[in-house]
Amino acid sequence: MSRGNRDQEQAGGRRRRGRPTGGGQLRRTVDSYGDQSVRVIYVAGEGARTEPEYFRLINKTFGDRPGREKFHLKVCEPSNPNGLRPEAVVDLVLSEAEKKGDQDCEKWAFFDRDAEDNRDTEIPRAMRKASENGVHVALSHPSFEIWLLLHFRPFTSQENGRDAEVIKQLRNHPKADGFKEYDKASGDRGKGLGGGRGEALMREARGREQAPIRNAVRNARKLVTSCPHGDCSPKRADDLLAASKAARADAGSSGETAPESYETWRTRTGHAADCDPLKRDPSSDVWRFLADLEIATEDSY
Ligand SMILES: [Zn+2]
């Protein structure tokens, strides 16, 4: 079996620390992993500041909830301060997991469909590579910042890959504390989620007001429903996620699950198999990453 096929076969599976799936070889001893009940997920994004900081917020806020499966996102840091191209994001998450002997862990790549040149060939190539190597993809259109904005308000305007309007709305939203200077200033006041921004994104529900992260999930799901393709629905993503969780439960400790076609892998976003990812303007798949982690399903969040 080729490496690609073997990895794809394991794509739907998950590995807990210290418990290899399939033929995966552990390079570290089980003891070196500490708590074996933690679900470990490697994550990499295009941006050097904002995405890693968002993942760390998710770890801190949701990684260790009472009565819930614990998880830890292993945040892969791009070496280039200007960020990465889509295919490089896939390469980064694969190489970091491999380096640590965690190639059987779940892996997610987050990248954008923006107006830069060559994206029309780069994104399909990056997606194909991700699928063949068992990496999930969360695509945002036009940029990751639309996902941040959806925490505070819906956004349905097609911007043809430019995120100036998204960022303007984010800076000006009254509940987006700390975002006034977002991407304007250099250093900490520019990109990144310090200075109250993280708190604004992660705060719990207040009275009748929903938690921002629940707004983000709801708003992003609505964008799947209103996708110009016309046959896209977040329910499809829910059903596929439920089916893969059931398959993993059936597989038990072996972790072996059936291989997945590229079409199924693609429809995990809720979009139809023939919905062009480059034309989902605007959209963000980050919600389904949270759904997989069972985040924002409780009343308080
Ligand atoms: Zn669609």
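**Entry 1: Aspartate 183**

I started at aspartate 183, in the loop between helix 6 (164–172) and helix 7 (197–202). I kept in mind that this is a predicted model. Aspartate 183 has a positive phi of about 65°, although it is not a glycine. I noted the background: most residues other than glycine have a negative phi. Is aspartate 183 buried or partly exposed? I found 19 C-beta neighbours inside 10 Å, so aspartate 183 counts as partly exposed. The cut-off for buried is 20 or more.

**Entry 2: Glutamate 294**

Next I looked up glutamate 294, in the segment after helix 11 (286–292). Its phi is near 55°, a positive value in a residue other than glycine. Glutamate 294 has 15 other C-beta atoms within 10 Å and is therefore partly exposed.

**Entry 3: Cis prolines**

I turned to peptide bonds. Most peptide bonds are trans. A cis bond joins histidine 141 and proline 142, with omega about 15°. I placed proline 142 in the loop between strand 4 (135–141) and helix 5 (144–150). The bond from aspartate 281 to proline 282 is also cis, and its omega is near -5°. Proline 282 sits in the loop between helix 10 (262–267) and strand 5 (283–284).

**Entry 4: Cysteine 227**

I found cysteine 227 in the loop between helix 8 (212–225) and helix 9 (234–251). It has 21 C-beta neighbours inside 10 Å, so it counts as buried. Which residues does cysteine 227 contact, leaving aside neighbours within four places in sequence? I listed Cys232, His271, Cys275, Arg280 and Ser283. Cysteine 275 is 48 residues from cysteine 227 in sequence, and their C-alpha atoms are 8.8 Å apart.

**Entry 5: Helices 3 and 4**

I compared helix 3 (residues 86–99) with helix 4 (residues 119–132). Their axes come within 8 Å and cross at roughly 20°. The two helices are therefore roughly parallel to each other. The crossing is left-handed. Pro86, Glu87 and Val90 in helix 3 meet residues of helix 4, including Glu122, Ile123 and Arg125.

**Entry 6: The core and the whole chain**

I looked up the largest nonpolar core, which has 65 residues. Val43, Val89, Val93, Trp108 and Ala109 have the most contacts inside it. Not counting residues up to four places away in sequence, valine 43 touches several residues, among them Phe55, Leu73, Val93 and Trp108.

Last, I noted the overall figures. I counted eleven helices and five strands. Buried residues make up 42% of the 301 residues. Among contacts between residues at least 6 apart in sequence, 67% join residues at least 24 apart.

Technical notes:
Residues are numbered from 1 along each chain as its sequence is written. This is a predicted model: local features need pLDDT of at least 70, side-chain atom pairs count only at pLDDT 80 or more; totals for chains, interfaces and linings use all residues. A nonpolar core is a set of buried Ala, Val, Leu, Ile, Met, Phe, Trp, Tyr and Cys residues joined through C-beta atoms within 7 Å. A residue is buried if 20 or more other C-beta atoms lie within 10 Å of its own, exposed if 12 or fewer, and partly exposed in between; C-beta atoms are placed from the backbone. Two residues are in contact if their C-beta atoms, placed from the backbone, lie within 7 Å. Axes are lines fitted to C-alpha atoms, for helices over the stretch in contact, and angles run from 0 to 180 degrees between N-to-C directions. Helices (H or I, at least four residues) and strands (E, at least two) are DSSP runs, numbered from the N terminus. Angles under 35 degrees count as roughly parallel, over 145 as roughly antiparallel, 65 to 115 as roughly perpendicular and the rest as oblique. A crossing is left-handed if the near helix is turned anticlockwise from the far one by less than a right angle, and right-handed if clockwise.
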